[in-house]
Amino acid sequence: MRRKKRISISITLLLIILNFIFFLLYLMLGYFYKGFIDYVALKPSNFFNARNLWTIITSMFMHANPFHLFANMFSLLFLGSFLERIIGKKRFTFLYFSSGIVAGLFFVFFSLLIKTEYNVYAVGASGAIFGVIGTIVLLTPKLKVFIFPIPFPIPMFIASLIALFGLWIISIFAGLPIGNTAHLGGFVFGLGYGLYLRIKYKRKVELLNKYLR
């Protein structure tokens, strides 16, 4: 008897599809019910009052506008696909959601220091994506990538710092509502997970980096 071929679904692609679906649902439901955002977006004041705690998960699939959605999904498509092939679907899924949750917790607890964020909603997949970035930095630090607006490829570890602190600087001087503390949280978790994988699979990581040169 012939064995049936198992259909392999890309977790990265599935996450992108879910993000687009939830964004459309958010637009439709938000149009008819203005208070809907309270049930899907992470808000520190709600969190500390034990209200809508599930938003630490749902906020990862919500985005403020189409540009926010496309920017995140474009990054996830390339970075997520690359990392998923390296560490596998299960580890990638664990990393993605864990990074997103830690990013949300960073945003919530840093709001106690940054009072202006205590009653601000946080949405977006960027915390989880920075977790992906952090892991790639530890596994393949010299991987060459492009980052806007630099017209030539640069090592991943440099690109990650430009992205992390560049967004922070832009948000300060342009007054844009960017979740920098969430980005930091996801990035820190990603670095930690990447370090764990690098130690556990030292030989494989060394071979990978030789192949990518």
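**Note on the predicted model: salt bridges, a loop, a helix and a hairpin**

1. Lys89 is partly exposed, because its relative accessibility is 34%. This is a predicted model, and every value here is computed from it. Lys89 makes a salt bridge with Glu84; the closest N and O atoms are 3.3 Å apart. Glu84 has a relative accessible area of 7%, so Glu84 is buried.

2. How many salt bridges does a search of the whole structure find? There are 3. Lys89 with Glu84 is one of them. The other pairs are taken up in the next two points.

3. Arg51 and Asp38 meet through their side chains in a salt bridge, at 3.1 Å from N to O. Arg51 sits in the loop between α2 (44-48) and α3 (55-58), while Asp38 sits in the loop between α1 (11-32) and α2, so this pair ties together parts that are 13 residues apart in sequence. Asp38 counts as buried, at 13% relative accessibility.

4. Arg203 bonds to Glu206 in a salt bridge, with the closest N and O atoms 3.7 Å apart. Both residues belong to helix α9 (residues 202-212). They are 3 residues apart, about one turn of the helix. Arg203 is exposed, because its relative accessible area is 51% and the cut-off for exposed is over 50%. Glu206 is partly exposed, at 35% relative accessibility.

5. The loop between α2 and α3 deserves a look at its backbone. Most residues other than glycine have a negative phi. Which residue of this loop has a positive phi of about 55°? It is Ala50, which is not a glycine and lies between α2 and α3. Ala50 is exposed, with a relative accessible area of 56%.

6. Asn52 lies in the loop between α2 and α3 too. Asn52 has a positive phi of about 50°, although it is not a glycine. At 10% relative accessibility, Asn52 is buried. Ala50, by contrast, is exposed at 56%. Arg51, of the salt bridge with Asp38, is in this loop as well.

7. Helix α6 covers residues 126-139. α6 is mostly covered: 14 of its 14 residues are buried.

8. Ser160 is placed in helix α7 (residues 156-174). Is Ser160 buried or exposed? Ser160 is buried, because its relative accessibility is 3% and the cut-off for buried is under 20%. Which residues does Ser160 touch, leaving aside its neighbours within four places in sequence? They are Ile133, Val137 and Phe187.

9. Strands β1 (residues 144-147) and β2 (residues 150-155) run antiparallel and are joined by 3 bridges. The two strands form a hairpin, with 2 residues between them. Across the pair, Val145 stands opposite Ile154 in β2.

Note on methods. Residues numbered from 1 in each chain as written. Predicted model: local features only at pLDDT ≥ 70, side-chain atom pairs only at ≥ 80, totals over all residues. Heavy atoms only, no water. Helix = DSSP H or I, 4+ residues; strand = E, 2+ residues; numbered from the N terminus. Expected span 1.5 Å × (residues − 1). Buried < 20%, exposed > 50% of the residue type's maximum accessible area, 1.4 Å probe, protein only. Pairing = 2+ DSSP bridges. Contact = heavy atoms within 4.5 Å. Salt bridge = Lys/Arg side-chain N within 4 Å of Asp/Glu carboxyl O.
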